[in-house]
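Subject: Structure handover

Hello,

Here is the structure I promised to pass on. My notes follow below it.

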Amino acid sequence: VIAVVALIASLTQRPHSATAGSIDDVVSVEIPDQNSIMVAINVSFQNNGEKPYWIHTIKADLDTATGSFTDDAASPSDFDRYFQAFPTLKQHALAPLEREARINPGGHTAGTIIVVFPVTPDAFANRKSLKVTIQPYDQPVPLVLTK
């Protein structure tokens with residue numbers, strides 16, 4: 001009986017993210033002669049918590065048949081350069097989702113991140129999963145968005 005009560009208590013007291021969101025759009029382009037792709041990912045999320053949500057880090061993970069790959073989101077200061085080189089990335093792009101951004105309680109935000117993965121366009125198109133992880137400063141559980 002004590003073990004059951006302890007299990008129930010541990011499950012209900014487990015940390016969870018006070019945010020919810022989604023990956024809304026994904027656009028990829030091949031980087032010529034590098035066997036890599038650059039990906040613009042639009043994400044949106046809502047802060048359902050009682051305190052502000054401060055973004056600390058943003059990264060993306062790709063799982064393919066040939067392996068798993070991770071990349072940190074590019075700096076928003078580089079977006080214009082990437083959009084000039086690859087205009088396709090800009091077609092559905094939103095404002096950059098920035099580190100250090102503050103989302104107030106009840107607030108909603110949406111933005112674009114850009115990442116690079118060392119895979120072919122075909123491997124990306126046939127991916128198993130694409131995951132964006134947004135880690136806040138003062139909360140133990142990150143927001144993980146999957147598509």
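This is a predicted model: local features need pLDDT of at least 70, side-chain atom pairs count only at pLDDT 80 or more; totals for chains, interfaces and linings use all residues.

F79 is buried, and F83 is buried too.

A search of the whole structure gives two aromatic pairs. A pair of rings is described by the distance of the centres and the angle of the planes. F45 and Y53 are both buried. For F79 and F83, the centres are 5.7 Å apart and the planes are at 70°, so this pair is edge-to-face as well.

One more ring deserves a look. R127 lies over the face of F124, 4.4 Å from the ring centre.

Next, the core. The largest nonpolar core has 25 residues. Which of them touch the most other members? They are I41, I113, F117, V132 and I134. Two or more residues come from each of β2 (36-47), β3, β6 (108-117), α3 (121-125), β7 (129-136) and β8 (143-146). A second core is separate and holds 12 residues, among them I31, A74, F86 and I114.

Leaving out residues up to four places away in sequence, I113 touches V39, A40, I41, I58, A60, A73, F79, L97 and V132. F79, from the aromatic pair above, is in that list.

β3 (residues 53-64) and β4 (residues 67-72) pair in the antiparallel sense. Six bridges hold that pairing in the record of the model. A hairpin of two residues joins β3 to β4.

Last, G21. It lies in strand β1 (residues 19-31). Is G21 buried, exposed or partly exposed? Its relative accessibility is 40%, so G21 counts as partly exposed. Setting aside neighbours within four places in sequence, G21 is in contact with S44, F45, L143 and L145. K90 is 69 residues from G21 along the chain, and their C-alpha atoms are separated by 22 Å.

Over to you.

Best wishes

Key
Residues are numbered from 1 along each chain as its sequence is written. Side-chain values use heavy atoms; hydrogens and water are left out. Two strands pair if DSSP finds at least two bridges between them. Helices (H or I, at least four residues) and strands (E, at least two) are DSSP runs, numbered from the N terminus. Rings of Phe, Tyr and Trp (its six-membered ring) pair if their centres lie within 6.5 Å; planes under 30 degrees apart count as stacked, over 60 as edge-to-face and the rest as tilted. Buried means under 20% relative accessible area, exposed over 50%, partly exposed in between (1.4 Å probe, protein chains only). A charge sits over a ring if NZ of Lys or CZ of Arg is within 6 Å of the ring centre and within 35 degrees of the ring normal. A nonpolar core is a set of buried Ala, Val, Leu, Ile, Met, Phe, Trp, Tyr and Cys residues joined through side-chain atoms within 4.5 Å. Contact means heavy atoms within 4.5 Å.
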